[in-house]
Amino acid sequence: TLFRSPTFGDASIIATELLNSGYEFDQGSVIFNRFKSVISYKTEDKPIFSLDTVSGSESISVYDDIDADVLRNYQEFTLANIIFYTLKESTTSEQSARMTAMDNASKNASEMIDKLTLTFNRTRQAVITKELIEIISGAAAL
(Lines give C-alpha, C1' and ligand atoms only; values in the text may rest on other atoms or scores of the structure.)
Protein backbone atom coordinates (compact mmCIF):
# COMPACT_ATOMS: atom_id res chain seq x y z
CA THR A 1 0.00 0.00 0.00
CA LEU A 2 1.01 3.59 -0.46
CA PHE A 3 2.13 5.55 2.54
CA ARG A 4 -0.53 7.87 3.95
CA SER A 5 0.51 10.72 6.20
CA PRO A 6 -1.44 10.99 9.46
CA THR A 7 -4.16 13.64 9.51
CA PHE A 8 -5.75 15.64 12.29
CA GLY A 9 -8.85 13.49 11.75
CA ASP A 10 -6.81 10.39 12.62
CA ALA A 11 -5.53 12.06 15.78
CA SER A 12 -9.04 13.20 16.68
CA ILE A 13 -10.37 9.64 16.37
CA ILE A 14 -7.57 8.35 18.62
CA ALA A 15 -8.22 11.11 21.19
CA THR A 16 -11.96 10.46 21.21
CA GLU A 17 -11.45 6.72 21.62
CA LEU A 18 -9.00 7.30 24.46
CA LEU A 19 -11.32 9.70 26.29
CA ASN A 20 -14.35 7.44 25.78
CA SER A 21 -12.52 4.27 26.81
CA GLY A 22 -13.52 4.66 30.45
CA TYR A 23 -9.89 4.54 31.55
CA GLU A 24 -9.38 6.98 34.44
CA PHE A 25 -6.11 8.89 34.70
CA ASP A 26 -4.83 12.08 36.33
CA GLN A 27 -1.97 12.53 33.91
CA GLY A 28 0.01 10.54 31.41
CA SER A 29 2.53 10.86 28.60
CA VAL A 30 2.63 10.26 24.90
CA ILE A 31 6.07 8.93 24.00
CA PHE A 32 7.28 9.59 20.47
CA ASN A 33 10.37 10.05 18.29
CA ARG A 34 11.11 13.73 17.63
CA PHE A 35 12.83 14.38 14.31
CA LYS A 36 16.18 16.18 14.68
CA SER A 37 17.92 15.58 11.34
CA VAL A 38 18.02 13.06 8.52
CA ILE A 39 20.30 10.82 10.56
CA SER A 40 19.01 11.57 14.04
CA TYR A 41 15.89 11.56 16.16
CA LYS A 42 15.27 11.78 19.89
CA THR A 43 12.71 9.92 22.00
CA GLU A 44 10.63 12.41 23.97
CA ASP A 45 7.34 12.55 25.81
CA LYS A 46 4.45 15.02 25.92
CA PRO A 47 2.26 15.20 29.03
CA ILE A 48 -1.50 14.73 28.87
CA PHE A 49 -3.88 15.61 31.70
CA SER A 50 -7.32 14.47 32.84
CA LEU A 51 -10.37 16.70 32.92
CA ASP A 52 -10.17 16.91 36.74
CA THR A 53 -6.50 17.92 36.63
CA VAL A 54 -7.23 20.65 34.05
CA SER A 55 -10.27 22.00 35.94
CA GLY A 56 -8.28 22.05 39.21
CA SER A 57 -5.38 23.93 37.66
CA GLU A 58 -4.55 27.36 39.10
CA SER A 59 -4.28 29.05 35.70
CA ILE A 60 -7.72 27.91 34.53
CA SER A 61 -9.30 30.53 36.81
CA VAL A 62 -7.96 33.25 34.47
CA TYR A 63 -10.83 32.46 32.10
CA ASP A 64 -14.40 33.42 33.03
CA ASP A 65 -17.28 31.07 33.09
CA ILE A 66 -15.73 27.78 32.08
CA ASP A 67 -18.29 25.01 32.33
CA ALA A 68 -17.77 21.26 32.07
CA ASP A 69 -18.66 21.19 28.37
CA VAL A 70 -16.00 23.79 27.49
CA LEU A 71 -13.43 21.94 29.57
CA ARG A 72 -14.30 18.65 27.86
CA ASN A 73 -13.94 20.27 24.41
CA TYR A 74 -10.63 21.84 25.48
CA GLN A 75 -9.36 18.47 26.71
CA GLU A 76 -10.40 16.71 23.47
CA PHE A 77 -8.82 19.39 21.29
CA THR A 78 -5.61 19.52 23.34
CA LEU A 79 -5.27 15.73 23.32
CA ALA A 80 -5.95 15.58 19.58
CA ASN A 81 -3.30 18.29 19.00
CA ILE A 82 -0.71 16.44 21.07
CA ILE A 83 -1.46 13.15 19.31
CA PHE A 84 -1.36 14.84 15.89
CA TYR A 85 1.99 16.47 16.69
CA THR A 86 3.48 13.20 17.94
CA LEU A 87 2.15 11.27 14.93
CA LYS A 88 3.71 13.80 12.55
CA GLU A 89 7.06 13.81 14.37
CA SER A 90 7.17 10.01 14.56
CA THR A 91 6.19 9.68 10.90
CA THR A 92 8.91 12.13 9.89
CA SER A 93 11.47 10.20 11.93
CA GLU A 94 10.34 6.92 10.38
CA GLN A 95 10.54 8.30 6.83
CA SER A 96 14.00 9.68 7.58
CA ALA A 97 15.15 6.29 8.87
CA ARG A 98 13.71 4.60 5.77
CA MET A 99 15.48 7.04 3.45
CA THR A 100 18.78 6.52 5.27
CA ALA A 101 18.35 2.74 5.14
CA MET A 102 17.54 2.81 1.42
CA ASP A 103 20.51 5.08 0.72
CA ASN A 104 22.82 2.70 2.60
CA ALA A 105 21.34 -0.29 0.79
CA SER A 106 21.88 1.42 -2.58
CA LYS A 107 25.51 2.22 -1.71
CA ASN A 108 26.10 -1.38 -0.56
CA ALA A 109 24.52 -2.73 -3.75
CA SER A 110 26.73 -0.48 -5.88
CA GLU A 111 29.83 -1.66 -4.03
CA MET A 112 28.75 -5.28 -4.46
CA ILE A 113 28.16 -4.77 -8.20
CA ASP A 114 31.60 -3.16 -8.56
CA LYS A 115 33.28 -6.08 -6.76
CA LEU A 116 31.39 -8.68 -8.80
CA THR A 117 32.23 -6.86 -12.04
CA LEU A 118 35.91 -6.80 -11.08
CA THR A 119 35.83 -10.53 -10.23
CA PHE A 120 34.04 -11.33 -13.50
CA ASN A 121 36.56 -9.32 -15.55
CA ARG A 122 39.53 -10.92 -13.80
CA THR A 123 38.11 -14.40 -14.38
CA ARG A 124 37.41 -13.64 -18.04
CA GLN A 125 40.91 -12.23 -18.46
CA ALA A 126 42.41 -15.36 -16.85
CA VAL A 127 40.43 -17.61 -19.24
CA ILE A 128 41.58 -15.58 -22.28
CA THR A 129 45.19 -15.66 -21.08
CA LYS A 130 45.00 -19.45 -20.57
CA GLU A 131 43.61 -19.95 -24.07
CA LEU A 132 46.34 -17.76 -25.57
CA ILE A 133 49.01 -19.75 -23.73
CA GLU A 134 47.51 -23.01 -25.05
CA ILE A 135 47.46 -21.64 -28.61
CA ILE A 136 51.04 -20.38 -28.40
CA SER A 137 52.23 -23.64 -26.79
CA GLY A 138 50.51 -25.64 -29.54
CA ALA A 139 52.11 -23.50 -32.28
CA ALA A 140 55.53 -23.79 -30.67
CA ALA A 141 55.24 -27.57 -30.52
CA LEU A 142 54.79 -27.77 -34.30
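Contact here means heavy atoms within 4.5 Å, and what covers the buried residues of helix H1 includes, by that criterion, helix H3. The structure is a predicted model, in which local features need pLDDT of at least 70 and side-chain atom pairs count only at pLDDT 80 or more, while totals for chains, interfaces and linings use all residues. Residues are numbered from 1 along each chain as its sequence is written, and side-chain values use heavy atoms, with hydrogens and water left out.

Helices (H or I, at least four residues) and strands (E, at least two) are DSSP runs, numbered from the N terminus. Helix H1 (residues 8-19) comprises 12 residues and reaches 16 Å from its first C-alpha to its last. That span is close to the 16 Å expected at 1.5 Å a residue, where the expected value is 1.5 Å times one less than the number of residues. Burial is judged by relative accessible area: buried means under 20%, exposed over 50%, and partly exposed in between (1.4 Å probe, protein chains only). On this scale, the buried residues of H1 are Ala11, Ala15 and Leu19. Seen down the axis of H1, these residues fall within an arc of 65 degrees, so they line one face of the helix; the arc is that of the directions from the helix axis to the C-beta atoms. Turned away from this buried side is a face of H1 that carries the exposed residues Ile13 and Glu17.

Attention can now pass to the strands. E1 and E2 run antiparallel and are joined by 10 bridges, two strands being taken as paired if DSSP finds at least two bridges between them. Two residues lie between E1 and E2 in the hairpin that they form. Within this pairing, Arg34 stands opposite Lys42 in E2.

As a general point, side chains of opposite charge can pair when their charged atoms come close. A search of the whole structure finds five salt bridges, each defined as a side-chain nitrogen of Lys or Arg within 4 Å of a carboxyl oxygen of Asp or Glu. One of them joins Glu44 to Arg34, with the closest N and O atoms 2.8 Å apart. This pair links distant parts of the chain, Glu44 in strand E2 (residues 40-49) and Arg34 in strand E1 (residues 27-37), 10 residues apart. Glu44 is partly exposed, with a relative accessible area of 22%, and Arg34 is likewise partly exposed, at 25%.

Helix H3 (residues 68-141) holds both Glu94 and Arg98, four residues apart, or about one turn of the helix. These two residues form a salt bridge whose closest N and O atoms are 2.6 Å apart. Glu94 has a relative accessible area of 35% and is partly exposed; Arg98, at 48%, counts as partly exposed too. Asp103 and Lys107 also lie in H3, four residues apart, about one turn of the helix. Their salt bridge has its closest N and O atoms 3.5 Å apart. Asp103 is partly exposed at 39% relative accessibility, and Lys107 is partly exposed at 47%.

Thr86 has its place in helix H3 and counts as buried, at 4% relative accessibility. Not counting residues up to four places away in sequence, Thr86 touches Val30, Phe32 and Lys46.
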